Amino acid sequence: QARLTESGGRSVQTGDSLKLTCAYPGRAFTLAAMGWFRQAPGKELEFVAAISWDGSTVKYLDSVEDRFTISRDSGKNMVLLQMNSLKPEETATYYCAAAFTGISNTPDKFESWGQGTQVTVSS
């Protein structure tokens, strides 16, 4: 099974922007709805954003909808998460995941997961 690999996480300041990238090699990418989740220390895994297999539908966590943008590049088998105006409370490990039953905001619907990339937002 192809492995998802996230990149782009780093330490930034409040209000900064950051773009996360998830590479998902193989043909399965074209069939998968893709999602981004995050988990802060001591907290539950939280849905952030998702995009359908064809890019026609997107979903966002309410608190990020006007600041984050999810997109996919089928030519490169990548899904991107552009994050603007970052806040300290958004410090977390960000995970990319793939679902084959349609776009969802529920972790249980996602079958394949990456190892995560750390985002730290300092005040």
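Colleague: Where does Arg67 lie?

Modeller: This is a predicted model, in which local features need pLDDT of at least 70, side-chain atom pairs count only at pLDDT 80 or more, and totals for chains, interfaces and linings use all residues. Residues are numbered from 1 along each chain as its sequence is written, and side-chain values use heavy atoms, with hydrogens and water left out. Arg67 lies in the loop between β6 (58-60) and β7 (68-73); strands are DSSP runs of E, at least two residues, numbered from the N terminus.

Colleague: Is Arg67 buried or exposed?

Modeller: Arg67 is buried, at a relative accessible area of 10% (buried means under 20%, with a 1.4 Å probe and protein chains only).

Colleague: Which backbone oxygen does its side chain reach at 3.0 Å?

Modeller: That of Ser63. The backbone oxygen of Ser85 also lies 2.9 Å from a polar atom of the Arg67 side chain.

Colleague: Turning to the rings, how many aromatic pairs are there?

Modeller: The count is five, where rings of Phe, Tyr and Trp (its six-membered ring) pair if their centres lie within 6.5 Å; planes under 30 degrees apart count as stacked, over 60 as edge-to-face and the rest as tilted. Phe37 and Phe47 form an edge-to-face pair, 5.7 Å centre to centre with 70° between the planes.

Colleague: Which parts does that pair tie together?

Modeller: Phe37 lies in strand β4 (residues 33-39) and Phe47 in strand β5 (residues 46-51), so the pair ties together parts ten residues apart in sequence. Both Phe37 and Phe47 are buried.

Colleague: Which residues do ring pairs link into a cluster?

Modeller: Phe37, Phe47, Phe110 and Trp113.

Terms used:
Helix = DSSP H or I, 4+ residues; strand = E, 2+ residues; numbered from the N terminus. Buried < 20%, exposed > 50% of the residue type's maximum accessible area, 1.4 Å probe, protein only. Polar contact = N/O pair within 3.5 Å; in protein donor to acceptor, adjacent residues only side chain to side chain.
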